[in-house]
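Please look over the model below before reading my points.

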Amino acid sequence: MEEQLKIDFEKKLKDFSYSDQEKKFKETNFKEFLKQGFPNRKLENWKFSDLNQIIKSNIGELTFYNDYKKENQIDKIELISELEHNKIIIVDGKIEKIDFKFEDKDKIEVLVEQGEETIKENINSLINLNNAFSNKFCKIIIKKNYSLKKPLVIYHSTNKNTQSKNTNSRIDFKLEENACLRLIDIFKENSEKNFLNIYYNFQLDKSSILKNYKIDKSINNNVKYSYNNVKQETNSISETFILSSGSKFFKNEINCDLLGQHSSAFVNGIFDLDEENHHEIKSNINHLVENTKSYQLVKSVLEKKSKAVYQGKIFVNSEAQKTDGYQLSNAILLSENSEFNAKPELEIYADDVKCSHGSSSGSLDENSIFYLMSRGLNYQEAKKLLINGFLLDVIEKITDEEIKNLIKNLLGVKE
Amino acid sequence: MLKINNLCAKIDSKSILQDFKLEINPGEVHAIMGPNGSGKSTLSNILSGKKGYDVTGEVLFENNDLFSLETEERAHKGIFLAFQYPLEIPGVNTNVFLKTSLNAIKKARGEKELDAIQFLKLVKEKAKELKFDKEKLGRQLNVGFSGGEKKKNEILQMSILNPKLSILDETDSGLDIDALKTVADGVNALRKKNNSFLIITHYQRLLEYIKPDFVHVLMNGKIIKSGGPELALELEKKGYENIN
Ligand SMILES: Nc1ncnc2c1ncn2[C@@H]1O[C@H](COP(=O)(O)OP(=O)(O)O)[C@@H](O)[C@H]1O
Ligand SMILES: [Mg+2]
């Protein structure tokens, strides 16, 4: 792999005339990735999902070079028709289109960033990989007091003939004071056996609101990693909802730093897994000042040999009095071979806090099935009704009605 | 309508029903009385198709072999069980459940399904008759319902589904006298020439309001005595130990 990485990286550097600063940024990150490689189970964060192994067994040898000069076809990508939206279309990690057609032009600024000279935060090797191989990344600024009229949908796609490739994309967002963004991530790949690596930074200024809905519903054989790094100032709110379902492997990592008082973070999700799919949500909620709040609810419905992992961490530092942190996960195992792993972590250094966590898993309740069947529903109908009922409270956590309905439709939850 | 012959049931080789015999004709109301643990709920469950029992013997429902029918097929054919302990189903709206149930049965019978408006009209009417709090219909099924409300909800389902054979498994226990009368009214309203009832109870209290045609005493999985309504009164006086 190292050979391939070096060749691809050389090729990458020759593609564009990068500035010295950009070059340095990419090289530093590249070296760091070479040193660490893909994360494996020896790392605590990756003990349930050995990515190195997962890539080996599902993809084999990866290549890392993507031609960013080539224009990718985007007209075949199926867009959401249920709701009007702004869009960004990413193909093989390259942003092909940015379209804020529903918005006031002077309220949104799109910048092309060069990357810092050194790596300020060394998050993990996948972020290094991303920084080394992603193109010049963009930064989107939502101006003070502006709420986007329509949601922004980011389509993540791959080319038909892209295979055994690693693709990287990064976008930074800044929500200025009192700004509001609804962001939907949708996955529409046209090819299999790739490793998609997605990295977002969010700077949430005072009283801004971010709602990020990640929808992985289409069935595909790709391996995915997504990292959200959210920094929250006073009174800001971040709401993340993850529908984790279609991919072979998907790990969503959400890091929220609650830096300003009365800021709050919500991370909710559904694992709806079948076959041998293996998905993970890893959250780190860092309560760093007084009076912050976090809430997490994750529900799983696991068929066949699927496996879901939820590692939720609540960190409360010594200054963060009056923290309110809550975390719950429930799983229904629909087969003896499915597996749910929950690892809640509370690390608390303040004494006046309200934190709790809980987790449960079990099979579908046979008595409830019997009750529903005795009323004329067949087994499949009874099962569907029970599962929908089980998922309802986490779906109800979605605060955006339009998007809630979209997700209900995707899950086949009727009312 | 229902013919039970030599029914034996075991769970994990523990014998629960032995040589059970019963015949219910169209329009008849039968009461089964028996102490705790005598096998009353087991009988109801087996008639409705609950899994997990080893059974031998024969049960015919309108000349169909009951054991060859799935639980939902029995419901389609007109068997209804009011559960002794109705289940709470979180996340499932009571109205949605009732409509799904009614339409599943109608569909299986080749009848026209009800649309939302027709259904709401029906359910409102029935809820009113049973003094069932309408607001509860918008709630999750049995979640947060009192014991009495759960039992009434069973009777509401019964009156909406209009079954041929209704089995009431201790629907009366835990009900106050007003609720008891309402439940009895619900049963009596359905009591027609062709609808039959199997009323399982502990006490003869309910039988003051629903006059049974036959009363059977169940002890240790066997019917030890059958008679008319007067048997219920005798039981009340003498207790189960001294019947024979
Ligand atoms: N699932 C079960 N497993 C083992 N024993 C059971 C089970 N269900 C019922 N029984 C036993 O069968 C007997 C009859 O129970 P049941 O039919 O519930 O009685 P009743 O309804 O008359 O009170 C009791 O001794 C009870 O303990
Ligand atoms: Mg009982």
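1. Start with Asn220(B). It sits in the loop between strand S9 (214-219) and strand S10 (222-227) of chain B. Helices (H or I, at least four residues) and strands (E, at least two) are DSSP runs, numbered from the N terminus. Asn220(B) is exposed, with a relative accessible area of 60%. The cut-offs are these: buried is under 20% relative accessible area, exposed is over 50%, and partly exposed is in between (1.4 Å probe, protein chains only). Phi of Asn220(B) is near 45°, a positive value in a residue other than glycine. Most residues other than glycine have a negative phi.

2. A word on the ground rules. This is a predicted model, where local features need pLDDT of at least 70 and side-chain atom pairs count only at pLDDT 80 or more, while totals for chains, interfaces and linings use all residues. Residues are numbered from 1 along each chain as its sequence is written, chains are lettered from A and ligands numbered from 1 in the order in which they are written, and side-chain values use heavy atoms, with hydrogens and water left out.

3. Now check Lys131(B). Its phi is also positive, about 50°, and it is not a glycine. Lys131(B) belongs to the loop between helix H4 (116-129) and helix H5 (147-161) of chain B. Its relative accessible area is 60%, so it is exposed.

4. Ser41(B) lies in helix H1 (residues 40-48) of chain B, and Gln84(B) lies in the loop between strand S6 (79-82) and helix H3 (94-108) of chain B, so the pair ties together parts that are 43 residues apart in sequence. Ser41(B) is partly exposed at 23% relative accessibility. Gln84(B) is buried at 14%.

5. Next, the contact between chains. Here 18 residues of chain A are in contact with 31 residues of chain B. Contact means heavy atoms within 4.5 Å. The area buried between the two chains is about 1900 Å², and carbon and sulfur atoms give 71% of it. Buried area is the accessible area (1.4 Å probe) that two parts lose on being put together, summed over both. Phe370(A), Tyr371(A) and Arg375(A) supply 42% of the area that chain A buries against chain B, more than any other three residues.

6. Turn to the aromatic rings. The structure holds 19 aromatic pairs over all chains. Rings of Phe, Tyr and Trp (its six-membered ring) pair if their centres lie within 6.5 Å; planes under 30 degrees apart count as stacked, over 60 as edge-to-face and the rest as tilted. Trp46(A) and Tyr225(A) form a tilted pair, 5.5 Å centre to centre with 45° between the planes. They are 179 residues apart: Trp46(A) is in the loop between helix H2 (20-36) and helix H3 (51-58) of chain A, and Tyr225(A) is in strand S10 (residues 223-232) of chain A. Trp46(A) is buried at 2% relative accessible area, and Tyr225(A) is buried at 0%.

7. Why is the pair of Phe370(A) and Phe83(B) called tilted? Their ring centres are 5.5 Å apart and their planes are at 55°, so the pair is tilted. Phe370(A) lies in helix H5 (residues 366-373) of chain A and Phe83(B) in the loop between S6 and H3 of chain B, so the pair joins two chains. Both Phe370(A) and Phe83(B) are buried.

8. Lysines also meet rings. Lys251(A) lies over the face of Trp46(A), at 3.7 Å from the ring centre. Lys299(A) lies over the face of Phe390(A), at 4.4 Å. A charge sits over a ring if NZ of Lys or CZ of Arg is within 6 Å of the ring centre and within 35 degrees of the ring normal.

9. Last, Ser157(A). Its place is in strand S5 (residues 152-157) of chain A. Leaving aside neighbours within four places in sequence, Ser157(A) is in contact with residues including Ile77(A), Asp92(A) and Lys188(A).
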